[in-house]
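Visitor: Hi! Could you walk me through this one?
Guide: Happy to, here it comes.
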Amino acid sequence: MFSNHRAILSNYTYEQIKRLKSLHHYFDEKVTYPRDERFKSAIYDSEEVAIFSLLGSEKIDFHKEIYKRGEKIHFIKILDTYYLGAMYLIIEVDDDQVWHQETLQTIEIYVSIAFLFFTIFGLILAKLFLKPMRDSIVLLDRFIKDTTHELNTPLSTILANIEMMDRAVMTEKNRKKLERINIAAKTVSTLYEDLTFLTLEFERENHDELIDLQTIIKERVEYFDTLAKSKQIDITLKLKRVEFVIDRKKIIRVIDNLISNAIKYNIRGGTINIILDRDSLIVEDSGIGIEEEKIDFIFDRYMRFNSSEGGFGVGLSIVKKILDEYKITIRVESKIREGTKVILRW
Amino acid sequence: MVKKTIVLVLLSVVSYSEDAYERNCVKCHEGLPTTLQRMFMNYIETYSSEKNVKIALKHYMRYPNKNISVMSDLFLKSFALKEPLMISEEELEEAINIYWEKYKVIGKLK
């Protein structure tokens with residue numbers, strides 16, 4: 001830390017030794033100790049006894065080459081030849097604090113360089129580690145985008161034809177088969193809607209309008225009725241009349257996802273309670289539940305906690321995005337083998 | 001007879017009025033070109049402290065050796081090595097102490 005001082009003080013000692021040498025040879029005709037405006041000095045013998053001193057402080061640390069005492073810096077030079085019997089020459093200068101500032105500056109520079117280096121290194125490493133993950137997400141996104149286009153027409157045809165079929169003339173056996181086809185087609189349709197929304201429609205402009213939530217929920221429950229009945233799930237509705245300004249397509253995606261999850265992850269013969277209040281919507285099921293530590297991650301894209309059910313794991317990610325957009329909070333309470341409760345508040 | 005006695009008494013008074021340093025050192029060095037002051041400076045230039053100088057001096061007085069002399073080879077060649085100083089321990093120490101006090105640098109610099 002005294003690197004600059006060391007060089008200067010070393011120079012002073014060199015000059016002072018030359019003067020001491022001269023005085024040594026002319027002693028005792030000359031007895032005036034050499035003085036210098038730039039520094040104060042002292043000479044000590046090998047027993048550390050002062051021969052002559054101009055220093056402010058007599059406390060000398062003979063074991064150090066350079067050190068700070070109070071506001072002074074001491075530099076100690078051990079002489080090769082003991083002029084005037086002096087083994088130690090001590091040079092004292094005022095501490096101008098320059099070394100302190102310079103040391104701080106040096107530390108700052110090194111810390112900055114190290115920080116920059118580690119940041120760049122960290123970024124490169126992170127990029128390297130995340131690349132395979134990012135690649136697979138991009139691939140999945142592209143795949144979804146490409147396939148959703150192709151799904152629309154056949155899916156619409158299937159659903160339209162199921163609706164048009166005359167169930168009255170069908171045998172019970174065929175009617176059941178048709179119901180199953182209908183359920184399967186609606187499941188695919190929900191998935192298709194999610195994927196389309198995710199890849200194509202999320203960036204479109206909102207068409208906010210006054211929505212009667214009660215009506216929408218009833219419609220969507222009816223839409224999923226066949227699916228619920230197939231698992232003998234009983235859906236109970238406690239709906240108050242609530243109006244909300246929101247994009248119709250978006251609120252349908254939220255409700256569809258919540259209901260379809262409640263059905264999908266429910267047990268056979270289970271129940272679903274949908275409670276709509278003035279400032280909240282609760283969808284509660286008696287399903288398999290989610291482990292507590294996984295609840296925080298359920299809104300992550302492509303996150304699926306139960307591989308026994310189909311899907312891409314995009315549903316709740318869409319729900320969260322939409323709700324965040326409209327500043328609606330979502331909370332999930334769940335217990336394994338008891339069920340899950342999703343609470344929306346606005 | 002009286003005259004002889006007076007001279008003897010005077011001589012012994014003069015002799016004992018000199019100190020150990022003057023008796024044992026000054027007289028021998030009178031004929032040398034290098035002063036005792038210069039020799040002292042050579043001693044402190046080599047041995048630095050009072051303690052070391054006195055030890056070195058005492059040793060050299062008893063056992064003179066050109067290898068440990070503070071004088072130059074030229075000086076030793078010109079004036080030969082001194083004879084060992086065969087005086088009492090007290091006398092030698094006294095002489096060295098006086099020598100140190102006479103020429104020491106400590107307290108003389110301004």
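Predicted model: local features only at pLDDT ≥ 70, side-chain atom pairs only at ≥ 80, totals over all residues.

Visitor: Which residues of α6(B) are buried?
Guide: B:A95, B:I96, B:Y99 and B:Y103. Buried is 20 or more other C-beta atoms within 10 Å of a residue's own, exposed is 12 or fewer, and partly exposed is in between, with C-beta atoms placed from the backbone.

Visitor: Why are they on the same side of α6(B)?
Guide: They cover an arc of only 95° around the axis, so they sit on the same side; the arc is that of the directions from the helix axis to the C-beta atoms. On the other side, B:E89, B:E90 and B:E101 are exposed.

Visitor: And what do the buried ones pack against?
Guide: α2 (20-29), α3 (36-47) and α4 (50-62) of chain B.

Visitor: New topic: how many residues of chain A are in contact with chain B?
Guide: 18, and they meet 14 residues of chain B. Contact means C-beta atoms, placed from the backbone, within 7 Å.

Visitor: What about A:N152, buried or exposed?
Guide: Exposed, because A:N152 has 12 C-beta neighbours inside 10 Å. Its C-alpha atom is 9.4 Å from that of A:T196, 44 residues apart along the chain.

Note on methods
Residues numbered from 1 in each chain as written. Chains lettered and ligands numbered in written order. Contact = placed C-beta atoms within 7 Å. Helix = DSSP H or I, 4+ residues; strand = E, 2+ residues; numbered from the N terminus.
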